[in-house]
Amino acid sequence: MRKTHSPFDYMMQTIGLLLPRSTYYTGLSFDIFEGVRSSLRHMERDTIRLVTENIGFGTDKQLCYKAAEELIMHENATVVLAYIGHRMAQVLKPLFQASNRLLIVLDAGANVPHEWPETPNIIYHSLHNSFGSWLAAKRAANDGFSQGGMVTGYYDGGYLQTWGLCSGFAAAGGSIAFNHATGYNKDDFSMLPLKEHVEKYPKGVLLSIFSGDYVQWYFEGLKDLFGENHLPVYLPPFAHEETMLSNAVHPGGQIKGIAAWSSQLNNPENTIFMDAIDSAGRTPNLFSLIGWEGAILAARASDLMLENKNKVELVSNTLNAFSFDGPRGTVSFHAPTRHTLAPLYETSIQKDENGTCSLLIEKSVENSRSDFEQFITISTENAISGWYNSYTCI
Amino acid sequence: MEQKRILVLCGGQFAFPTLQTLGLEKFLCGVGIGKGEKEVLAVLEQERVTNGLTYKSFPDKESLSDLKDWIEELQPDYIFSISFPFLLSEDVLSFGEERFINFHPGPLPEYRGPMPLFEVLRYQEKETAISVHFMNPEFDEGAVILKEKLAISPNETYGELAIKLSERTAMVALNMAHMLQFGSQIPRTAQDENQARYFEKPEVADTFIQWKRMPADEIISLINACNPWNQGADTLLQGRNIKILSASLSENQHTDIPGKVLNVTPDGEIAVSCLDGQIIHVQILAGDFGIQTAERFAAKKPVLGLLFNS
């Protein structure tokens, strides 16, 4: 049924929001939405009208296209935030080009584009999970490990973050000695094949790509199989979800990684963000974070669209010089790829008094911008992902 | 929803990546090839035999009389034109309003005409565009749906830019196909006639180096814009036609008259004076002697002090 509009709706600045759903992580769209809404409220930008559309798992091209078209054509949104991947952004690209509108892709960064985009109609605000995986593997090699085993699951392993992990390890002088990809149902989830690998490569390191519950299962599997004598573990950003970690049994031994954000980051913006999400009755996490930061970008972009009469190229080029202090530090643009960059953090996972995991932020990654510039020059060659859905939308 | 069927009218290899992409994505229902060279037709024939591709050759204007009937027979949902060398008549276009979409390899309305790649390079643009527009009975005048911009690299030649545009056109064509498949309406913007410029196919006057009028960067841009389709930019040396295929700007300056060979560098490049005090280093030349490096050319013919266009 067509929505009814007040005549004033068309006079208001309107931001559209394309939200996916996830049966694996049911709170995903609520968290993103709350992040956007709370951020707009905090900025006292309540006059901006926020209109949402559902895009399923983010895989149905027609559903995504129609939803974006609805926001642009019927809701008069000049800026649309969408939690989608690069591939779906390509499908939506001609619509935004033809209608002179700006798409802000909110991306987990689990996949890597085969060509880094340059169109002014799309900007990317990413949590950079692939880049973070690349850095985590590089960190492992720099810590002295030269034989790596990539350990992942059927779902996480389908994204090019695995390529990021392997290429990061190779870039720092390591080589992948073995791989293990486990099933994604609890019954199929097994670390048993690692036993043989570990015996063969006792000085190796486990370069791991898991997220959500899989991290808990992974740690349980390591503990059951090796006790505290498992090989050192390195983790990507999405394995650092703190609510999940607080429920995960620590398997002992060394666990390090690269995180995009933590509740422990000690800055005023992080405190404001967490208080706002808490007071809305939700737990702050990576999804509410990306919504919170996305709203800051969208509000600025919406103002610029108004000032510049929807001249998207001008708006986009102006945004290249825009930066803001957010919960994870200063967010700024990498103009050639139209991606935002934010600090990433070196972590270690500690055992708390309950025997579960707690995150320790050691320091921010030095020179992450120049690392990113190196990362984007590496060709993905024949590495292809078969996953079209937005990350964790299964 | 039924997949849209798209007929592509094209002029040759430039459209091959698009044909491949639309074919893989099951949008392609046929290919019309205008003025197709033997090699191109051979590839299409091979595709017909192995993959059942429907194609038809239109070697000249007269053969276009069959085009309307062929389109009626195929009944495509849309017709994409990618460097198709002929203007489509009103009769052909009457197959369906808004069914004909042209992928013009240059910014519109500023660079209308058959060879926008040459013009954007000659005019030293920093970026170009693939302009996707609805077709009408005039060349490159219909309402623009979208413009896909892409940067021109320093010293990029016509050939290099054509390859880049050809590959990008495939992506734009697929995006456009998705838009037609999923969109309920196609936004478009009428071209601003005040900004419009039409460039005819370049003639010798356009490809000729005017040593007494052109500064060094303009000469190098012209040379790049003529490589390889014209085998380089035209000039004269001792009354003989010469084409310069490759040259670069020197860091040195001069105070001599323009168009004079100042020296042959240790790398074998021919240093030529330009109007603005700059010097260009010629690396490759062509003529009735074939295509040669400047080093080889200068070894056989004493060039020091010679004047181009004299």
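Biologist: How do you know where the axes of helix 1 (residues 16–24) and helix 6 of chain B run, and at what angle do they cross?

Modeller: They come within 7 Å and cross at roughly 35°. Axes are lines fitted to C-alpha atoms, for helices over the stretch in contact, with angles from 0 to 180 degrees between N-to-C directions. This is a predicted model: local features need pLDDT of at least 70, side-chain atom pairs count only at pLDDT 80 or more, and totals for chains, interfaces and linings use all residues. Residues are numbered from 1 along each chain as its sequence is written, while chains are lettered from A and ligands numbered from 1 in the order written.

Biologist: What makes these stretches helices or strands?

Modeller: Both are DSSP runs numbered from the N terminus: helices are H or I with at least four residues, strands E with at least two.

Biologist: Why is strand 3 (55–58) of chain B called an edge strand?

Modeller: Two strands pair if DSSP finds at least two bridges between them. Strand 3 pairs on one side only, as does strand 7 (144–151) of chain B. The open sheet of seven strands has the order 3-2-1-4-5-6-7, with mixed pairing.

Biologist: How do you know that strand 1 (residues 6–10) and strand 2 (residues 28–34) of chain B pair?

Modeller: They share five bridges, in the parallel sense, and the rule asks for at least two, so they count as paired. Leu7(B) stands opposite Gly30(B) in strand 2.

Biologist: Which residues count as touching between the chains?

Modeller: Those whose C-beta atoms, placed from the backbone, lie within 7 Å. By that rule 15 residues of chain B contact 14 of chain A. Helix 6 (158–182) of chain B gives the most to chain B's side, with five residues.

Methods
Contact = placed C-beta atoms within 7 Å.
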